[in-house]
Amino acid sequence: MIDLTSLAITALAFFVVAVSPGPANISNAAVAMSFGRRTSLVYGTGLSCGLVFWGLVAASGMGAVLQGSLYVLIVLKLLGGLYLLWLAWQSGRSAMRPAADKVPLPSKGRWFWRGLILNLSNPKSVIAWMAALSVGLGPDDGLASVVAATVVCIAAGFINNVLYSLLFSVSGMMTGYRSFRRWIDGVVAGLFALAGLGLIKSAFAR
């Protein structure tokens, strides 16, 4: 039976990772500001489809883990927690920098394929997927739970890219983001740290 609470926790964990400022999100925001909402939605769809590919890869691996050793799941949770703590450190460093890193804007045309290729070229996405799936899944969960968790995470990824397209196509949003970037990165760092510590703690829970 699918645990709705665990499913919600998994979706929230993935959304926190997906919504955090990074090359894909910032490039989507830049596309929205420069070329408009419709173009950004096409570009964001490509980004989302790239995430789907790595999600299917991660879900296949997670299914094998749940059918195998409990100790492998524990190790996976520990590695996922450490990865989230590393993301917290990266976001913390970004919050301490007075100026944001510049993200190159993609050239015009073939927006869907540009978004797709950007996320397909980032195999680290599968680590984020595994970390998020590890948050809500346990050794007693079956294939149905893995499929359900993957579906809600895919939905969260699409929602994230749509939100970026809608919000940053509004005039002045990029300026506002730059003004509050350090605060945003600081909050994101705290969320990553809490999620990472929580995942490490769950690895030792019985």
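The model is predicted: local features need pLDDT of at least 70, side-chain atom pairs count only at pLDDT 80 or more, and totals for chains, interfaces and linings use all residues. Residues are numbered from 1 along each chain as its sequence is written, and side-chain values use heavy atoms, with hydrogens and water left out. The protein has eight helices and zero strands. Helices (H or I, at least four residues) and strands (E, at least two) are DSSP runs, numbered from the N terminus.

**Overall fold**

- The order of elements from the N terminus is α-α-α-α-α-α-α-α.
- The protein has 206 residues, and 44% of them count as buried. Buried means under 20% relative accessible area, exposed means over 50%, and partly exposed lies in between (1.4 Å probe, protein chains only).
- The accessible surface comes to about 11,000 Å². Carbon and sulfur atoms hold 71% of that surface. Areas come from the Shrake-Rupley method with a 1.4 Å probe; for residues, only the protein chains shown count as cover.
- Of the contacts between residues at least 6 apart in sequence, 87% join residues at least 24 apart. A contact means heavy atoms within 4.5 Å.

**Helix α6**

- Helix α6 spans residues 125-136. It is largely enclosed by the rest of the structure because 10 of its 12 residues are buried.
- The buried residues of α6 include Trp129, Met130 and Leu133. Ser125, Ser134 and Gly136 are also among them.

**Packing of α1 on α7**

- Helix α1 (residues 4-19) packs with α7 at an angle of about 35°. Their axes are 9 Å apart. Axes are lines fitted to C-alpha atoms, for helices over the stretch in contact, and angles run from 0 to 180 degrees between N-to-C directions.
- The α1 and α7 crossing is right-handed. A crossing is right-handed if the near helix is turned clockwise from the far one by less than a right angle, and left-handed if anticlockwise.
- On the α1 side, the residues that meet α7 include Leu7, Phe14, Phe15 and Val19. On the α7 side, they include Val152, Cys153, Ile159, Leu163 and Tyr164.

- Ser165 lies in α7. Its relative accessible area is 1%, so Ser165 is buried.
- Leaving out residues up to four places away in sequence, Ser165 touches Asn28, Ala32, Arg37, Ser40 and Leu41.
- The C-alpha atoms of Ser165 and Gly36 are separated by 8.3 Å. The two residues are 129 residues apart along the chain.
- Asn28, a contact of Ser165, belongs to helix α2 (residues 23-35). Asn28 is buried, at 0% relative accessible area.
- Beyond its neighbours within four places in sequence, Asn28 is in contact with Ser40, Tyr43, Gly44, Leu47, Asn161, Tyr164 and Ser165.
- Thr150 is another α7 residue. It counts as buried at 5% relative accessibility.
- Thr150 touches Gly55, Ala59, Trp129 and Leu133, with residues up to four places away in sequence not counted. Trp129 and Leu133 are buried residues of α6.

- Cys49 is found in helix α3 (residues 37-67). Its relative accessible area is 28%, so Cys49 is partly exposed.
- Cys49 touches Phe112, Leu116 and Phe158, not counting residues up to four places away in sequence.
- The C-alpha atoms of Cys49 and Ile117 are separated by 9.5 Å. Along the chain, the pair is 68 residues apart.
- Leu84 lies in helix α4 (residues 70-96). Leu84 counts as buried, at 5% relative accessibility.
- Leu84 and Leu197 are 113 residues apart along the chain. Their C-alpha atoms are separated by 8.3 Å.

**Nonpolar surface patch**

- Met33, Ile159, Leu163, Leu167, Val170 and Met173 form a nonpolar patch on the surface. Together they have about 470 Å² of accessible area.
- Patches are made of residues with over 30% relative accessible area and no salt bridge: like charges are joined within 9 Å, nonpolar side chains (Val, Leu, Ile, Met, Phe, Trp, Tyr) within 5 Å. A salt bridge is a side-chain nitrogen of Lys or Arg within 4 Å of a carboxyl oxygen of Asp or Glu.
- Helix α7 (residues 143-168) gives the largest share of the patch, three residues.
- Leu163 is found in α7. Leu163 counts as partly exposed at 37% relative accessibility. Leu163 is also among the α7 residues that meet α1.
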